[in-house]
Amino acid sequence: MRSKPSLRRAIVAAATVLSLGTAAAGTALATPNGTANARSHHYGIKLMHPGAAAGGAHTAASANTLSLQTSNTTGAVSPQPTVYLVFWGSQWNSNDPAGVQADMKGMFGGLYGGSDTWGTVLTQYCEGLAAGTTDCAGQGTPVAHPASSPLAGSWVDNASAEPANPTAGDLANEAAKAAAHFGNTTQAPNTNAQYVIVSATGTHPDGFPNSGFCAWHDQTSTSYGTLAYTNLPYIPDSGAGACTTLTDGRLLSGIESTETHEYAETVTDFWPTTGWYNSSGGEIGDECQQLDAYLTLSTGTYDMQGIWSNQANACVTQGGSSSPDYSLSASPASGAVTAGGSTTTKVSTTASGGFTGTIALSATGLPAGATATFSPTSVTAGASSTLTIATSASTPAGTSTITVTGTSGSLSHTATYTLTVNQTGTGGITNGGFETGDFSGWTTSGASTSIVTTGAHSGTHAARLGGTTPTNGDSAAAQTFTAPTGTTTLAFWYDTVCPDTVTYDWATATLKDNTTGTTSTVLAKTCVSNSGWKQITKAVTAGHSYTLTLISHDDNYSGDPTYTLYDDATVS
């Protein structure tokens with residue numbers, strides 16, 4: 001792996017190209033639960049060339065060809081791009097003059113599927129092949145084109161104001177703080193997650209704009225593993241035309257162009273410098289700074305910076321030259337059944353690069369006594385199939401990871417589905433997925449309890465405690481059960497929508513061991529604006545009687561109603 005020079009995405013003011021220099025990173029401080037180690041230089045430069053043409057494909061010399069720098073099987077690329085937007089500081093509460101927050105959410109909300117022809121360029125790059133590789137040729141682990149939005153979560157970290165002049169170390173610490181917030185506290189989820197730290201208006205992260213960059217991306221070492229993150233300043237503060245070659249005066253174009261540059265470079269050089277570079281040490285976006293184009297996604301029209309395509313030997317803004325391929329996904333990605341029962345999931349395919357083939361589907365990793373049936377057994381590109389997993393009375397309790405494989409000629413891709421089988425007979429949680437459409441097996445109390453059919457973690461139903469309009473006090477659902485023989489773990493999923501603070505509103509849950517008379521809080525009081533689905537687990541003792549109580553609390557204030565969805569409560 002060759003040494004890479006310091007790279008930062010440059011900004012030009014008054015049509016003057018600034019000369020770039022290495023901006024020293026500040027010393028990282030320990031976050032409450034993860035220590036971030038900032039590096040002395042960062043990656044991702046964009047020199048501005050006023051007046052450059054926008055749109056189309058810009059060819060370049062073969063020296064621009066990207067090659068894989070290492071044979072690493074992790075960290076060279078992000079095979080399943082996953083984005084977390086972090087809007088840092090209480091300044092975001094009432095001060096976003098350009099509408100950056102909504103714009104970034106909208107852009108990432110549309111970077112998937114057939115409408116996103118820009119992102120398909122990335123699928124030609126991979127990891128796990130020999131250093132020096134320039135064409136993956138269907139080998140290695142490629143970047144998948146997302147079948148759904150890569151935006152896994154967004155968070156306004158408004159507990160305190162962002163510093164006026166945060167250092168690179170501060171930014172690395174904020175990335176570690178975000179990983180903890182989203183529950184990504186091990187390396188596994190952080191092998192695809194990129195944390196985009198969006199600074200507030202009026203701030204100057206790592207010296208922006210006087211340091212001569214628009215943004216940069218990097219990695220940081222924490223107790224949660226190695227994290228990929230981006231320093232994305234509030235670029236509209238520099239005015240229309242900053243950080244883009246487009247000259248129509250649109251204020252948000254610069255931050256869109258900049259973040260598409262950093263996103264593509266993070267996906268193809270996830271942990272710098274193990275990914276894809278040209279012979280001059282440039283990444284996928286560095287050599288295409290002169291190219292911007294407006295592209296329409298399913299969520300709107302955005303300024304997408306050109307990126308380098310080895311297959312087209314050019315800077316492009318659309319992936320028409322990518323090899324025909326497809327991706328596979330399962331939704332929901334998990335489910336639970338009682339032994340003897342069955343569950344279903346939708347297996348979807350997404351075509352890229354003009355793929356038109358037929359994909360044969362199969363499943364492996366089933367527990368004993370279980371069968372998998374696809375309807376239909378093969379699909380054309382872009383179509384879906386229903387997978388039914390049926391268990392027998394003899395299927396053992398436990399959790400299995402089922403691998404769904406789609407094969408078309410020499411191409412083969414997989415998706416995973418997690419199946420939890422609960423024992424029959426006395427004990428265990430009844431109706432833990434609320435798929436009866438009611439609270440059978442549960443005792444409800446308080447202000448508002450209901451079953452909803454949208455937004456479930458798996459299946460088609462979930463419990464909603466609290467409401468979309470204000471409620472007063474606790475809304476609760478409780479069930480008393482006996483942990484069956486051979487079981488050791490209680491698990492459930494929650495998704496809270498809490499626009500207030502934990503002082504006034506929250507989600508919480510308790511588990512009382514009726515056998516020993518002890519009660520534990522398995523979900524501490526939690527209040528975030530949109531948590532997304534999170535799993536809680538707790539050890540249980542087989543044969544003991546327990547009472548699980550799920551709670552959502554709202555203070556009845558008209559401006560911030562709070563509710564929590566609960567789903568898939570199991571004992572295994």
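**View 1. Pro81, Leu111, Asp116, Gly119, Leu122, Val143, Ala144, His145, Pro146 and Tyr263 line the largest cavity of this predicted model.** On a 1 Å grid over the protein atoms alone, a cavity is a set of points where a 1.4 Å probe fits but cannot get out, and lining residues have an atom within 4 Å of a point. The largest cavity has a volume of about 50 Å³, a volume being the space filled by probe spheres set on the grid points, which are joined across faces, edges and corners. Sorted by class, its lining has seven nonpolar, two polar and one charged residues; here Ala, Val, Leu, Ile, Met, Phe, Trp, Tyr, Cys and Pro count as nonpolar, Asp, Glu, Lys and Arg as charged, and the others, Gly among them, as polar. Across the whole structure, the search finds two cavities of 30 Å³ or more.

The model is predicted, with local features needing pLDDT of at least 70 and side-chain atom pairs counting only at pLDDT 80 or more, while totals for chains, interfaces and linings use all residues. Residues are numbered from 1 along each chain as its sequence is written, and side-chain values use heavy atoms, with hydrogens and water left out.

**View 2. Helix 1 (residues 100-109) and helix 3 (residues 253-268) pack at an angle of about 45°, with their axes 11 Å apart.** That angle makes helix 1 oblique to helix 3, a class that holds whatever is not roughly parallel (under 35 degrees), roughly antiparallel (over 145) or roughly perpendicular (65 to 115). Helix 1 passes helix 3 in a right-handed crossing, where the near helix is turned clockwise from the far one by less than a right angle. Axes are lines fitted to C-alpha atoms, for helices over the stretch in contact, and angles run from 0 to 180 degrees between N-to-C directions. Helices (H or I, at least four residues) and strands (E, at least two) are DSSP runs, numbered from the N terminus.

**View 3. Five strands form an open sheet in the order 6-3-7-9-8, with mixed pairing.** Strand 6 (151-157) and strand 8 stand at the edges with a single partner strand each, so one side of each is left without a neighbour in the sheet. From one strand to the next, the twist averages 25°. Strand 3 (residues 82-88) and strand 7 run parallel and are joined by six bridges (two strands pair if DSSP finds at least two bridges between them), and Thr82 stands opposite Ala193 in strand 7.

View 4. Phe208 and Pro209 are joined by a cis peptide bond, with omega about -5°. Asp206, although it is not a glycine, has a positive phi of about 55°.

View 5. Strand 15 pairs with strand 17 (residues 342-352) over seven bridges, and Ser331 has Lys346 in strand 17 as its bridge partner. Ser331 is also joined to Pro332 by a cis peptide bond, with omega about 0°, and Pro332 lies in the loop between strand 15 and strand 16.

Notes
On a 1 Å grid over the protein atoms alone, a cavity is a set of points where a 1.4 Å probe fits but cannot get out, and a pocket is an open set with protein on both sides within 12 Å along at least five of seven lines; lining residues have an atom within 4 Å of a point.
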